[in-house]
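Dear colleague,

I am handing over the structure we spoke of, and below it you will find what came out of the analysis. Please look through the model first and then read on.

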Amino acid sequence: MEQKTVLKMSGISQTFPGVKALQKVNFSLLEGEIHALMGENGAGKSTLIKVLTGVYELQEGTIEMEGKQIVNHSPQDAQNQGISTVYQEVNLCPNLTVGENLFIGREPRKFGMIDWKTMNKKAGKLLESLDIQVAPTQLLEECSVAIQQMIAIARAVDMECKVLILDEPTSSLDDVEVEKLFTLMRRLREKGVGIVFVTHFLEQVYEVCDRITVLRNGELVGAYEIKDLPRVMLVAKMMGKDFDDLEDIKSGHLEQKFEGEPVIEAKGIGHKGTIHPFDFTIKKGEVIGLTGLLGSGRSEMVRSIYGADKADSGTLKVNGKEVKINKPLDAMKLGMAYLPEDRKVDGIIADLSVRENIIIALQAKKGMFHLMSRKEMEEAADKYIDMLRIKTASRETPIKSLSGGNQQKVILGRWLLTNPEYLILDEPTRGIDIGTKTEIQKLVLELADQGMAVTFISSEIEEMLRTCSRMDVLRDGKKVGELSGDELRQEVIMKTIAGGEDHE
């Protein structure tokens, strides 16, 4: 019997000032199917969901539920139409019980008062029907994140949702909890609920989904039956590579042999919920790339080495000596530097000048009892403004008035000033112009030639092939491969990212 289309979005376009977030995107969901919505950062997944659920006003296109055209002006409208969303951060009330959370705003009443007995009885039945092992009277804050998510799903189901959107529901769950969530998703599929599953985890998509829709740069790449889309092809579609004409790029730096003791040696380092235990070594002058799809664990891996996420397993040696890193300042004092992925949030201090932004890490490393003189600060700032060709009216210009690429160079200058032995660059060229990109790539190779060990994370495989002597591949929070020499080719890298069997 043919499945009924429960949701159909046609020609959806959404524009924000200066940005076309979606361009004529189509999406359809069948009754009783689990449908993955996939795409790299900025592909338009969140925007599409926000248009559907009324967070954003529909600008262009149509939305139909069971053949009837609808427009949602708010998430409440969407809920009334039978569309529920469960986000990664569960927005329930931790100080209330499970039962209260399930029926908040629609509690059964008797003589105008809440009928607690009926409410807990109904909650118990609902939890039992979905096989969620928790008592209705338990406080929500005492439940694990996984159980809290299941309760959010149970609440949506009880409100008779026909379309359930799960937005990155598994990113903070362990393997056992993920399996429980999948069991619940399959049970809902049998009940005829259509599920939109937004995730970065390839393994999970192939384990639980029926179809995949891929978006890239705000446009629809296509909708595919899971059996017709091998993993390698999915990776190629998400990254915008045509698999037949992947070219090889080589760099002279790759041919060197790196001798001597590792600068950094990690064994079994991990951080529960973000990155499985991994081994990692890097020597003087090496540039090691970390590659994988967004959410594969690239940033989490370096954060656990640097102490931004305190590792809860394994050992770390710096220049052969075992060390404990509890916080980033410990890592800085050991000669490490970290340029984070999100320069707006973790990098620049917007209201400070270019000079203040450059010297701040060195000052933190020296401590408050060894304040730098104004002359030292000015000399340091001028040196890096000059060396990195930072376009700024003066060293006293507020950093917020610089372009993205120049802000990035200021942060790079900040870390180079600390004279690190080990430099971590997380997406250093994202969102900056091609000229500045090339300058940063050249600089990475120059620093490596001077003996600095560099870890380079980028979503662009081509730039990694130009700069890296070795590459570690990550997938679903695990390190799954280490490539060097002749293996450093796009085709090999993408096959390793995709992993598993090609599901022909």
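The largest nonpolar core has 131 residues, a nonpolar core being a set of buried Ala, Val, Leu, Ile, Met, Phe, Trp, Tyr and Cys residues joined through side-chain atoms within 4.5 Å, where buried means under 20% relative accessible area with a 1.4 Å probe, protein chains only. The residues with the most contacts inside this core are L164, I212, I264, F280, M336, Y422 and L423, and helix α5 (residues 145–158) gives the most to it, with nine residues. A second, separate core of 25 residues includes V6, V25, L37 and I165.

This is a predicted model, in which local features need pLDDT of at least 70 and side-chain atom pairs count only at pLDDT 80 or more, whereas totals for chains, interfaces and linings use all residues. Residues are numbered from 1 along each chain as its sequence is written, and side-chain values use heavy atoms, with hydrogens and water left out.

Turning to the strands, an open sheet of four has the order β14-β13-β16-β17 with antiparallel pairing, and its edge strands, β14 (275–282) and β17 (321–323), each pair on one side only. Here helices (H or I, at least four residues) and strands (E, at least two) are DSSP runs numbered from the N terminus, and two strands pair if DSSP finds at least two bridges between them. Strand β13 (residues 264–271) is joined to β14 over five bridges in the antiparallel sense, and E265 stands opposite T281 in β14.

Best regards

How values were computed: Buried means under 20% relative accessible area, exposed over 50%, partly exposed in between (1.4 Å probe, protein chains only).
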